[in-house]
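Thanks for coming. I have one structure to go through today, and I will start from the whole chain and work down to single residues. Please have a look at it first.

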Amino acid sequence: WTLTLTHPLFGSAGYPPKGCPSSPLMDYSCTTTAQLLALASDESDAAWNALAERIRPILQRIALRIGLSAEDADEVAQDALLQCWKALREDTYNRERGRLRKYLVGITRNRAIDRLRKATRDRGTRGDSLIQTIPSTTDELEELFEEEHRQKILDDAMDTLANRSGFSEPTLRAFERVHFDGATPADVARELSVKVTAVHNSTSRCRRRLQDLLEEFTELYELA
């Protein structure tokens, strides 16, 4: 990872990459995506729910970038996941024929086109013009998937840094002010009534931990 920070720290939910503290997905929070896929194929509902939790935001963002409304993007993501779930349970998804991301973006593309056509019929919106902008193949959409996949990794790494890394609020605040707001260490030191060296130490510790988290989540969330 080349660490470029543009993400707010506070007000996040948190999701653990290691140590597996209590969470709604605690049984699978340290399970790789490939392992979740295998478990979901064996009819584990809990594994499927954990897998869907990782993938749904990616598909939603792709649908939004295609031009769908937030409501339609949510429904398209749900539809794509439902079709994937059925394929796994009915053993019609063949991993040897293509990557999961290609399979998912293909479904997302088709469902998005269906939604846009429906919007054109029902509301007279500009669905037809948006359909023309959707790539005719999945290659470009796979690039979008990769971008949003990396964003999901960053989101969860940031959430974990803010909520589950054991840093004090002043330490996190110093990191946020310097790396997100562009404040100088001297200004932050005055705001927090600490020494400038303390600000440098705080930001350095947080940055190192965030880099570690990004590497952990990248390995954990790797998707074929």
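Before I get to any residue, a word on burial: buried means under 20% relative accessible area, exposed means over 50%, and partly exposed lies in between, with a 1.4 Å probe and protein chains only. The model is predicted, so local features need pLDDT of at least 70 and side-chain atom pairs count only at pLDDT 80 or more, while totals for chains, interfaces and linings use all residues. Residues are numbered from 1 along each chain as its sequence is written, and side-chain values use heavy atoms, with hydrogens and water left out.

The overall picture, then. The protein chain has nine helices and zero strands. Helices here are DSSP runs of H or I with at least four residues, strands are runs of E with at least two, and both are numbered from the N terminus. Of the 224 residues in the protein chain, 44% are buried. If we take the contacts with a separation of 6 or more, 70% come from residues 24 or more positions apart. Contact means heavy atoms within 4.5 Å.

Now helix α9. It has 25 residues and reaches 36 Å from its first C-alpha to its last, close to the 36 Å expected at 1.5 Å a residue. The expected span is 1.5 Å times one less than the number of residues. Which residues of α9 are buried? They are Val199, Ser202, Thr203, Cys206, Leu210, Gln211, Leu213, Leu214, Phe217 and Leu220. As a reminder, an α-helix has 3.6 residues a turn, so residues three or four places apart point the same way. The buried residues of α9 pack against α1, α2, α6, α7 and α8 (185-192).

One of those partners in detail. Helix α7 (residues 169-179) packs with helix α9 (residues 196-220) at an angle of about 85 degrees, and their axes are 8 Å apart. That makes α7 roughly perpendicular to α9. From α7, the contact is made by Thr171, Leu172, Ala174, Phe175, Val178 and His179, and from α9 by Val199, Ser202, Thr203, Arg205, Cys206, Arg207 and Leu210. These residues divide into seven nonpolar, four polar and two charged. On terms: axes are lines fitted to C-alpha atoms, for helices over the stretch in contact, and angles run from 0 to 180 degrees between N-to-C directions. Under 35 degrees is roughly parallel, over 145 roughly antiparallel, 65 to 115 roughly perpendicular, and the rest oblique. Ala, Val, Leu, Ile, Met, Phe, Trp, Tyr, Cys and Pro count as nonpolar, Asp, Glu, Lys and Arg as charged, and the others, Gly among them, as polar.

Next, α6. This helix has 26 residues and reaches 37 Å between its first and last C-alpha, close to the 38 Å expected at 1.5 Å a residue. After α6 comes Gly166, with a positive phi near 80 degrees.

Glu142 is found in α6 (residues 139-164). Is Glu142 buried or exposed? Buried, with a relative accessible area of 9%. Its side chain makes a polar contact with the side chain of Arg99 at 2.6 Å. A polar contact is a pair of N or O atoms within 3.5 Å; within protein, one must be able to donate a hydrogen and the other to accept it, and residues adjacent in sequence count only if both atoms are side-chain atoms. Leaving out residues up to four places away in sequence, Glu142 touches Arg99, Arg101, Lys102 and Val105.

Last, Ser29, in the segment before α1 (33-41). Ser29 counts as buried because its relative accessibility is 0%. Ser29 and Leu220 are 191 residues apart in sequence and 9.0 Å apart in space, C-alpha to C-alpha.
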